[in-house]
Amino acid sequence: DPESFDRIKKIATDYINRNPWTSQAQRKYGTLSIVNITRTSGILPVRNFQDGTSDNAYKITGEAISEKYDTRHHTCKPCTILCGKKGKFDGEEMPVPEYETVGLLGSNLDIYDPVAIARWNRLCGDMGMDTISAGGTLGWVMEATEKGLVKTNLKFGSPDGVEEALLDIAHCRGFGADMAMGSKGLSEKYGGTEFAMHVKGMELSAYDPRGSFGQGLSYAVANRGGCHLSATMMVMENFMCFLAPHTTMSKARWTAFFENMWCCVNSLHTCLFTSFAYTTELTIPRFSSWISTLIGMQFMPGILMAAVDFSVIYRKMWQAVTGISISKSEFMRAGERIHVLERYMNTRMGVTAGKDTLPARLLTESRRCDKKNRTVPLDKMIAKYYRIRGFTPDGRPKPSLLKKLGIAA
Ligand code: SF4
């Protein structure tokens with residue numbers, strides 16, 4: 001229905017153009033606008049997640065990079081948000097690295113040189129390597145080198161040898177063949193599992209959950225492993241500040257809720273960044289104050305989930321394109337079905353509760369940036385999450401849940 005689609009497209013564009021994050025921060029600085037949030041809230045990984053901020057982190061902010069490297073739009077087309085950027089680094093035009101890249105190949109290695117990070121970013125892209133996993137793995141290698149577990153020339157704070165290491169990984173040559181196994185494989189071979197920053201073999205992205213407890217739960221239970229996009233709890237805890245980051249209250253419910261929601265949004269083949277505008281404007285700038293949203297999300301999650309229609313824009317778009325109408329509860333049920341089906345496949349392959357955990361560093365070590373000892377209280381959230389989900393205590397979907405969702409008879 002082209003007319004309906006044009007109508008809802010106009011409304012959606014207005015949402016994006018009104019929302020400060022999508023229309024200003026993202027449009028101007030891209031995802032690098034996140035650096036100022038994470039460095040000030042203590043969730044930026046520094047030295048393989050040994051710390052949560054650095055005095056040098058201002059050098060990799062979107063503001064600093066756009067001023068110094070003549071950045072311009074370089075985006076997916078067509079897009080209204082326009083988060084992608086390119087810039088001139090030492091006279092050479094290159095894509096501006098994304099937030100996750102400056103977090104993992106930058107601060108996580110204690111390196112704050114945007115030119116070097118932009119080169120490594122391009123190299124990883126050319127070699128088909130994920131910059132999060134590459135940076136997380138090199139963080140482990142630098143720390144293991146310091147501790148004498150492996151012998152390399154890689155050191156925190158030094159760019160020397162990083163480019164060669166990335167090429168060695170890409171071509172599986174020399175020690176690169178071991179590094180290509182990632183931090184899980186390396187630590188199982190050489191020791192140092194307690195500081196191998198992965199979940200289910202996938203390196204963590206650039207949010208330290210000691211400053212974002214819901215994100216810790218979300219990393220631990222994500223079907224893909226240490227993925228920030230499964231429930232994006234750091235957005236609610238640290239970006240929007242609608243949930244207190246250092247409490248476990250309501251985190252299990254919201255993690256399950258956003259897992260379902262994002263399963264649907266990602267299945268629509270639309271960019272997840274639209275959700276900043278489409279799902280938050282409904283409750284925030286127009287109809288209520290920040291404090292009432294915070295109180296609602298923190299203390300009355302069930303009421304808020306029932307009262308607010310977070311999915312209305314996505315559902316109307318779906319209806320205009322397919323002609324199939326879908327209610328709010330059907331939409332959320334579809335997301336639940338996707339998530340639980342993935343979980344069911346994982347558990348059948350032996351990925352059960354024992355794998356729903358975090359690296360020991362996050363559960364036992366505190367950081368310099370925290371005034372008091374702070375670790376992720378995962379055990380306080382995980383049993384509740386299983387109950388809310390309808391999983392058994394060992395993390396398997398119950399037969400009644402599989403039947404309800406039409407996954408198994
Ligand atoms: S589609 Fe998404 S990722 Fe691509 S430029 Fe737009 S906001 Fe950025």
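**Exercise 1.** How are H7 and H10 oriented to each other, roughly parallel or roughly antiparallel?

*Solution.* The model is predicted, so that local features need pLDDT of at least 70 and side-chain atom pairs count only at pLDDT 80 or more, whereas totals for chains, interfaces and linings use all residues. Residues are numbered from 1 along each chain as its sequence is written, and side-chain values use heavy atoms, with hydrogens and water left out.

Begin with the geometry: helix H7 (residues 131-146) and helix H10 (residues 182-190) pack at an angle of about 25°, with 8 Å between their axes. Axes are lines fitted to C-alpha atoms, for helices over the stretch in contact, and angles run from 0 to 180 degrees between N-to-C directions; helices (H or I, at least four residues) and strands (E, at least two) are DSSP runs, numbered from the N terminus. Angles under 35 degrees count as roughly parallel, over 145 as roughly antiparallel, 65 to 115 as roughly perpendicular and the rest as oblique. H7 and H10 are therefore roughly parallel to each other.

Then turn to the contact (heavy atoms within 4.5 Å): Thr137, Trp140 and Val141 of H7 meet Gly182, Ser183, Leu186, Ser187 and Tyr190 of H10. By class, this contact has four nonpolar, four polar and no charged residues, where Ala, Val, Leu, Ile, Met, Phe, Trp, Tyr, Cys and Pro count as nonpolar, Asp, Glu, Lys and Arg as charged, and the others, Gly among them, as polar.

**Exercise 2.** Describe how H13 packs against H20.

*Solution.* Helix H13 (residues 251-267) and helix H20 (residues 379-389) pack at an angle of about 50°, and their axes are 8 Å apart, which means that H13 is oblique to H20. On the H13 side the contact is made by Lys251, Ala252, Arg253, Thr255, Ala256, Glu259 and Asn260, and on the H20 side by Met381, Lys384, Tyr385, Ile388 and Arg389. These residues divide into five nonpolar, two polar and five charged.

**Exercise 3.** Which kind of aromatic pair do phenylalanine 239 and phenylalanine 276 form, stacked or edge-to-face?

*Solution.* Rings of Phe, Tyr and Trp (its six-membered ring) pair if their centres lie within 6.5 Å; planes under 30 degrees apart count as stacked, over 60 as edge-to-face and the rest as tilted. The structure holds 20 aromatic pairs. In the pair of phenylalanine 239 and phenylalanine 276, the centres are 6.5 Å apart with 10° between the planes, and the pair is stacked. It links distant parts of the chain, since phenylalanine 239 is in helix H12 (residues 233-239) and phenylalanine 276 in helix H14 (residues 274-278), 37 residues apart. Phenylalanine 239, at 15% relative accessibility, counts as buried, and phenylalanine 276 is buried with a relative accessible area of 8%; buried means under 20% relative accessible area, exposed over 50%, partly exposed in between (1.4 Å probe, protein chains only). Phe239 and Phe276 also belong to one aromatic cluster with Trp21, Tyr99, Tyr207 and Phe273.
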